[in-house]
Amino acid sequence: MRKSNCTDKYNNIWESTVGAATGFCAAIRHEAKIRIVFLFLVGVTAVCMIADVGYFQILMVIFSWVVALICEIFNTAMEKALDYASGKEYHPLIRQGKDYAAACTFVSLVFAGSLTLFVLWERYIEEGRLRTKTFRAVSLSCGQNKPEAL
């Protein structure tokens, strides 16, 4: 049983969920890097839907950008916590911690961007092949309808 003077911020799962959603909205509103990754998530999803990419590929792209967003949120939270804990004083271990968190964000962004480009490029190439096959089929069928010379 929990104590009544517990330092938990929320008493039940609903309050906790609302608090988390509020924190997410505040992060998007106040942090430019998080906002940029979120806008890429929305934009890339729209581009994939317009390009008529398959559902599984869209889910993979969304998942990769959500992972990138999570990494960016953790990176920002870690930087703020380390700045607060260090009092803005330089320390090599704090610098390393920030660098490692930034590296995590970098790897996730490279992965998400590469996956998105691969999915869209594959769709572009596939569409080009379909157009070429259609053009060849039309050309061949047109060539067969010519009257024979006497």
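Begin by selecting T76, which is placed in helix α3. The model is a predicted one, and in it T76 has a relative accessibility of 10% and therefore counts as buried, the limit being under 20%. Leaving aside residues up to four places away in sequence, T76 touches E31 and I34.

K33 counts as exposed, at 53% relative accessibility. Although K33 and T76 are 43 residues apart along the chain, a distance of 8.6 Å separates their C-alpha atoms.

**The whole chain**

Of its 150 residues, 21% count as buried. The accessible surface comes to about 11,800 Å², and carbon and sulfur atoms hold 67% of that surface. Among contacts with a separation of 6 or more, 67% are between residues 24 or more positions apart.

**Helices α2 and α3**

Now select residues 32-50 for helix α2 and residues 55-86 for helix α3. How are these two helices arranged? Two packed helices are described by the angle between their axes and the distance between the axes. Here the axes of α2 and α3 come within 9 Å and cross at roughly 180 degrees. That makes α2 roughly antiparallel to α3.

On the α2 side, the residues in contact include K33, I34, V37, F38 and L41; on the α3 side, they include W65, V66, L69, I73 and T76.

**Helices α1 and α2**

Move to helix α1, residues 13-30. The axes of α1 and α2 are 5 Å apart, and the helices pack at an angle of about 100 degrees. This makes α1 roughly perpendicular to α2. F24, A27, I28, R29 and H30 are the α1 residues that meet A32, I34, R35 and F38 in α2.

I13 itself counts as exposed, at 68% relative accessibility.

**Salt bridges**

Finally, turn to the charged side chains. Side chains of opposite charge can pair when their charged atoms come close. The structure holds four salt bridges, and three of them are visited here.

- Select K80 and E31, whose side chains meet in a salt bridge at 3.2 Å, N to O. K80 is in helix α3 and E31 in the loop between α1 and α2, 49 residues apart. E31, which also touches T76, is partly exposed at 23% relative accessibility.
- Select D52 and R123, which form a salt bridge with their closest N and O atoms 4.0 Å apart. D52 lies in the loop between α2 and α3 and R123 in helix α4 (residues 92-144), so this pair ties together parts that are 71 residues apart in sequence. D52 is exposed, with a relative accessible area of 55%.
- Select D83 and K98, where the salt bridge spans 2.4 Å, N to O. This pair links helix α3, which holds D83, with helix α4, which holds K98, the two being 15 residues apart. D83 is partly exposed, with a relative accessible area of 21%, whereas K98 counts as buried at 13%.

Terms used:
Residues numbered from 1 in each chain as written. Predicted model: local features only at pLDDT ≥ 70, side-chain atom pairs only at ≥ 80, totals over all residues. Heavy atoms only, no water. Buried < 20%, exposed > 50% of the residue type's maximum accessible area, 1.4 Å probe, protein only. Contact = heavy atoms within 4.5 Å. Areas by Shrake-Rupley, 256 points an atom, 1.4 Å probe, with all protein chains shown as cover. Helix = DSSP H or I, 4+ residues; strand = E, 2+ residues; numbered from the N terminus. Axes fitted to C-alpha atoms, helices over the stretch in contact; angles between N-to-C directions. Parallel < 35°, antiparallel > 145°, perpendicular 65-115°, else oblique.
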